[in-house]
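Dear colleague,

My notes on the contacts between its parts come after it.

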Amino acid sequence: MSGLLLLEQSLNGLQFGLMLFLLAAGLTLVFGIMDMINLAHGSLYMVGAFLAAWFVQLTGSFVAGVLLAIPAAAVFGMVLETTLLRSLYARDHLSQVLATFALILIINEGVRMVWGSDLPLSAPAALSGPVELLPGLYYPAYRLLIIGVGLALALLLYLLVTQTRMGALVRAGASNREMAMAMGVDIRRLFTAVFGIGAALCAVAGAMLGPLLAVQVGMGEGILILAFVVIVIGGIGSIRGALVGSLLVGFVDTAGRTVLPHLFREFLPPQFASAAGPAVASIAVYLLMAVVLFVRPQGLFPARG
Amino acid sequence: MTPAASAASAASATATASTGPSPAARVALLALAFAAIAFPFAMQALDASFYVSVASRMMIYAIAATSLNLVLGYGGLVSFGHAAFFGIGAYTVGILITEGVVSGWIGIPLAMGIAALFATVIGAVSLRTRGVYFIMITLAFAQMLFYLVNSVKAYGGDEGLNLKLRSSLGFGLNLKDDATFYFVVLACLAGTLLAVHRIMGSRFGRIVLAMRDDDVRAEAIGVPTFRYKLVLFVIAAALGGLSGALMVNQQNYVNPNVLHWTQSGTLMVMVILGGVGTLWGGVLGAFVLLLLEEVISAYTVHWQFWVGWILLAIVLYAPRGLVGLVSRALGRGAGRK
Amino acid sequence: MRPAVLRTLTAAAVTATALSAGAALAADKVKVGFVSTLSGPSAALGVDIRDAFMLAVKLNGGKLGGLPAEVIIGDDQFKPDVGKQLFEKNIKRDRVDFMTGVVFSNIMLAAVPEAFDSKTFYISPNAAPSPLAGKECNPYFFAVSWPNDAYHEAAGQNATNKGFKKVYLIAPNYQAGKDSLAGFKRYFKGQVAGEVYTKLGQLDYSAELAEVRAAKPDAVYTFLPGGMGINFIKQFVGAGLSKDMSLLQPGFGADQDIIRPVGDAMLGTFDTAHWALDLPNAANKKFVAEFEKEYKRLPSVYASQGYDAAQLIDSAVREVKGKIEDKDAVRRALKAAKFQSVRGDFKFNTNQYPIQNYYLRVVGKDAQGRLVNKTLGEPIFRNHGDAYVQDCGMK
């Protein structure tokens with residue numbers, strides 16, 4: 001494999017990992033602070049994508065569409081939290097699993113009833129071509145935008161969590177909820193805000209990935225499970241862990257689609273080589289999680305001390 | 001006490017495993033058995049024999065849900081990878097039939113055995129964790145198996161495996177005949193329920209319940225909790241494998257999606273819907289969920305929307321599931337006498 | 001538990017009454033079970049087949065072959081087990097006379113045994129994989145579309161004719177995907193720079209496109225129908241590869257369902273197919289005009305196939321004068337295929353797959369400025385069958 005190919009594939013891994021991070025960040029906070037398994041997190045991603053596609057259709061501008069979708073999705077998330085999810089915090093994990101699984105069904109069909117089973121979403125025309133990063137290395141402009149947005153949001157989150165008062169409250173809540181409550185933190189407002197931020201991050205990921213994948217009903221289920229894997233590897237409640245975990249998973253997945261098939265093609269017919277690579281990569285991701293769970297169950301960067 | 005524990009004690013109060021069912025319950029059971037046996041003949045008389053295969057499918061899922069209830073409800077182990085055992089059972093029989101080994105007397109026990117084998121390995125690793133980590137690690141193993149099966153192109157890969165034949169049981173029994181198949185499944189379901197009833201009524205079962213309520217204390221008084229949990233896990237997996245073996249016969253087809261985590265989720269929904277930790281919870285949950293799907297989808301293509309709301313209502317207002325609701329209603333009726 | 005059984009019995013009783021009423025008047029109508037992919041990224045294909053099929057029925061006065069037609073429509077949601085269950089329901093509960101509709105080979109292969117076992121005819125308006133053309137051919141299977149390999153064979157021949165030296169191949173990893181690249185290689189005499197099978201339904205091709213760039217071929221040949229193709233072409237252009245190499249396509253990769261979402265980037269694309277909007281026969285002119293009038297959009301090749309499927313059933317029922325219970329007579333009538341196909345001449349081979357022409361098409365603009373495929377030059381193949389017919393035992 002040539003150096004340029006390796007570089008291009010690395011950028012692909014980075015791009016995928018950063019989008020996964022946007023989902024994982026919200027999920028890890030919800031799980032870490034509220035101790036709630038939210039299977040409907042993938043649905044927030046889907047709703048965000050649909051809202052973006054719809055607003056882009058209405059306004060005719062990609063940027064306007066995405067920017068409108070973010071607060072809309074955040075509002076949706078916060079409404080969901082205050083009306084429904086709040087009653088689940090006190091319940092056991094099993095009830096949370098069932099309730100949020102039911103939510104997936106409701107939101108999937110609800111979206112289908114409102115918008116149909118899919119909406120088209122295209123990258124802005126200005127970004128539909130490649131950029132020459134190095135002589136011979138062309139990379140799609142749109143994917144560079146995704147990487148840029150992902151990095152910017154990661155930085156923003158880092159600043160939010162470490163430099164602001166709210167961030168301090170979030171960290172306190174993640175490491176010891178009872179203590180935080182005892183210290184007088186308005187935990188309910190905090191939860192709602194955290195949920196809203198999580199929904200907003202999901203919306204950005206959904207809107208950004210929409211033009212590459214498809215904005216369709218059910219798009220959340222596939223990425224949800226990867227997000228859970230990421231937060232387990234990274235450590236529940238830790239944003240830093242979510243970032244490291246996402247990049248790890250992103251690179252392993254991309255390696256499985258690129259490096260491994262090359263290896264397999266040496267001694268397997270093309271159909272098997274093509275299937276074996278992604279399969280091994282997916283298995284590797286889960287194997288990684290199983291190993292982490294076994295050896296260091298709190299994850300790589302545990303939030304709780 | 002957790003909702004699951006209080007559900008179990010409520011259910012055991014109405015139909016105790018150790019002291020035997022009440023006269024009213026006995027009559028109900030007999031009536032049920034009669035209706036179940038008469039059903040295919042009634043359908044044939046009404047020229048609606050399509051519903052016999054629908055009923056068979058519901059019973060297969062009832063077996064799967066009951067097997068999950070054993071480990072989830074009675075054992076308190078939230079296994080998110082149970083669909084893997086369902087899938088292993090299905091693929092074992094599927095691969096055997098594809099390779100020419102058609103006898104059900106080989107296929108079905110082998111399906112259960114291989115599922116048990118996988119469960120031994122998966123359980124040995126997973127049961128060392130607890131809480132949400134147990135959930136995630138069982139999920140991880142199930143997904144690994146899903147991707148593994150997906151990549152084996154020789155047996156269909158993600159296109160799935162088509163079977164030209166169903167298992168043969170000898171004795172002139174033709175499983176291609178819907179009614180014959182129905183009775184075989186009915187027998188398996190009855191066997192499963194009997195097995196679960198016996199297990200939970202035995203000393204082993206009482207210890208399992210004690211562990212579920214407080215396994216630290218159980219450990220402290222000398223119970224080898226890990227071993228007990230593993231045995232329970234393996235038994236549940238074997239029963240899951242049985243339901244898979246039956247399913248691949250019913251559909252003449254299997255594809256890797258039966259191992260996917262959403263399938264595990266559906267099974268969990270059936271268990272929680274029916275009643276966690278109750279004997280009939282799996283059966284009730286499976287039947288009601290599949291019936292809801294059939295009935296509502298006749299009116300609207302958005303049936304999942306309505307089923308979702310019903311499920312949500314159950315979680316919020318009837319946490320002990322349908323069995324809890326029924327026993328509450330029966331209890332009130334008995335009280336008025 | 002009892003209420004559930006009671007409910008099932010009630011439902012069964014209601015259905016039984018309806019069914020017994022129907023059974024008494026056996027061949028007074030034609031029942032067709034239509035199962036297709038009507039949701040998800042590739043829904044446009046199933047929707048086109050359905051719309052064209054229903055249009056044909058409507059233009060026939062709601063009848064097929066003179067008998068009132070009842071078409072029961074189901075959505076397989078791109079899932080083989082759902083498709084299989086819908087087939088079972090149509091065949092066992094609704095007692096249909098014909099099954100049709102499925103877009104994708106994997107779904108069809110999982111579901112069609114239900115039809116074969118119950119001796120119900122399956123008229124395929126799309127998927128027509130190689131096993132059913134050869135060793136596993138079945139008297140109850142009629143492909144009214146094309147053999148799966150055909151468009152790809154034509155494309156391979158075209159690539160040879162145009163002098164491409166190195167071609168990189170991509171297709172999804174399922175039966176139709178394997179058929180496609182096998183077909184292309186059968187007639188392409190140059191060098192294969194790479195042969196990659198992607199996951200069916202995969203939408204992100206960044207990894208594959210990086211590999212293509214590194215391999216430096218003259219052209220890339222892909223078989224990526226539906227949503228897969230839309231995404232691939234957008235990403236291909238986005239990666240800048242359209243400047244360095246040609247993108248060769250079978251008709252599936254460049255028809256209306258892909259042209260509309262991708263847009264002007266498709267101009268100048270060459271592709272191969274058995275049908276185009278501008279084929280100059282009377283049946284086609286009527287079909288295109290009526291389809292546009294009814295649905296306010298141009299029909300795709302899938303729509304042409306759905307229309308022909310309905311016309312085939314219509315001709316067969318008419319030929320047996322409504323006596324559709326006589327399966328042998330129906331089969332002979334289907335095989336005779338006495339209908340005016342929108343593609344021109346239509347004839348079945350001994351394996352019940354079509355023998356027909358295949359054309360080179362190019363994407364251009366029509367009089368109203370819309371993107372359409374136009375036929376170009378002489379047909380690549382005339383009266384072309386398939387490579388598997390000799391393995392089939394049917395005569």
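Predicted model: local features only at pLDDT ≥ 70, side-chain atom pairs only at ≥ 80, totals over all residues.

**Chain A with chain B**

Sorted by class, the side of chain A that touches chain B holds 31 nonpolar, 6 polar and 5 charged residues. The area that chain A and chain B bury between them is about 3,800 Å², with 86% of it on carbon and sulfur atoms. Of the area that chain A buries against chain B, 17% is supplied by A:Leu94, A:Leu98 and A:Ile106, which is more than any other three residues supply. In terms of residues, this contact takes 42 from chain A and 40 from chain B.

**Chain A with chain C**

The contact between chain A and chain C draws on 28 residues of chain A and 26 residues of chain C, and the two chains bury about 2,300 Å² between them, 46% of it on carbon and sulfur atoms. A:Arg143, A:Arg257 and A:Gln271 provide 23% of the area that chain A buries against chain C, more than any other three residues. Between chain A and chain C the count is 2 salt bridges, and A:Arg143 also takes part in a salt bridge, where its side chain meets that of C:Asp204 at 2.9 Å, N to O. The count of residue pairs in polar contact between chain A and chain C, with both residues at pLDDT 80 or more, is 11. On the side of chain A that touches chain C, the elements giving two or more residues are helix 1 (3-34), strand 3 (137-140), helix 10 (239-264) and helix 11 (270-295) of chain A. By class, that side of chain A is made up of 11 nonpolar, 11 polar and 6 charged residues.

**The two domains of chain C**

Within chain C, the domain assignment gives domain 1 (2-146 + 279-344) and domain 2 (150-273 + 358-391), and the C-alpha centres of these two domains of chain C lie 29 Å apart. In the contact between them, 26 residues of domain 1 of chain C meet 26 residues of domain 2 of chain C. The two domains of chain C bury about 2,000 Å² between them, of which carbon and sulfur atoms give 66%, and C:Ser130, C:Trp146 and C:Leu298 supply 25% of the area that domain 1 of chain C buries against domain 2 of chain C, more than any other three residues. The count between these domains of chain C is 1 salt bridge, and the side chains of C:Arg370 and C:Glu292 meet in a salt bridge at 2.9 Å, N to O. There are 5 residue pairs in polar contact between domain 1 and domain 2 of chain C, both residues being at pLDDT 80 or more. Helix 2 (43-59), helix 4 (105-117), helix 5 (130-133) and helix 12 (301-319) of chain C are the elements that give two or more residues to the side of domain 1 that touches domain 2, and the residues of that side divide into 15 nonpolar, 7 polar and 4 charged.

**Aromatic pairs**

Over all chains, the count comes to 47 aromatic pairs. One of them is formed by C:Phe116 and C:Phe141, an edge-to-face pair at 6.4 Å centre to centre with 80 degrees between the planes. This pair links distant parts of the chain, since C:Phe116 lies in helix 4 of chain C and C:Phe141 in strand 6 (residues 141-143) of chain C, 25 residues apart.

How values were computed
Residues numbered from 1 in each chain as written. Chains lettered and ligands numbered in written order. Heavy atoms only, no water. Contact = heavy atoms within 4.5 Å. Buried area = accessible area lost by both parts, 1.4 Å probe. Salt bridge = Lys/Arg side-chain N within 4 Å of Asp/Glu carboxyl O. Polar contact = N/O pair within 3.5 Å; in protein donor to acceptor, adjacent residues only side chain to side chain. Helix = DSSP H or I, 4+ residues; strand = E, 2+ residues; numbered from the N terminus. Nonpolar A, V, L, I, M, F, W, Y, C, P; charged D, E, K, R; others polar. Domains from an automatic or database assignment. Phe/Tyr/Trp six-rings, centres within 6.5 Å; stacked < 30°, edge-to-face > 60°.
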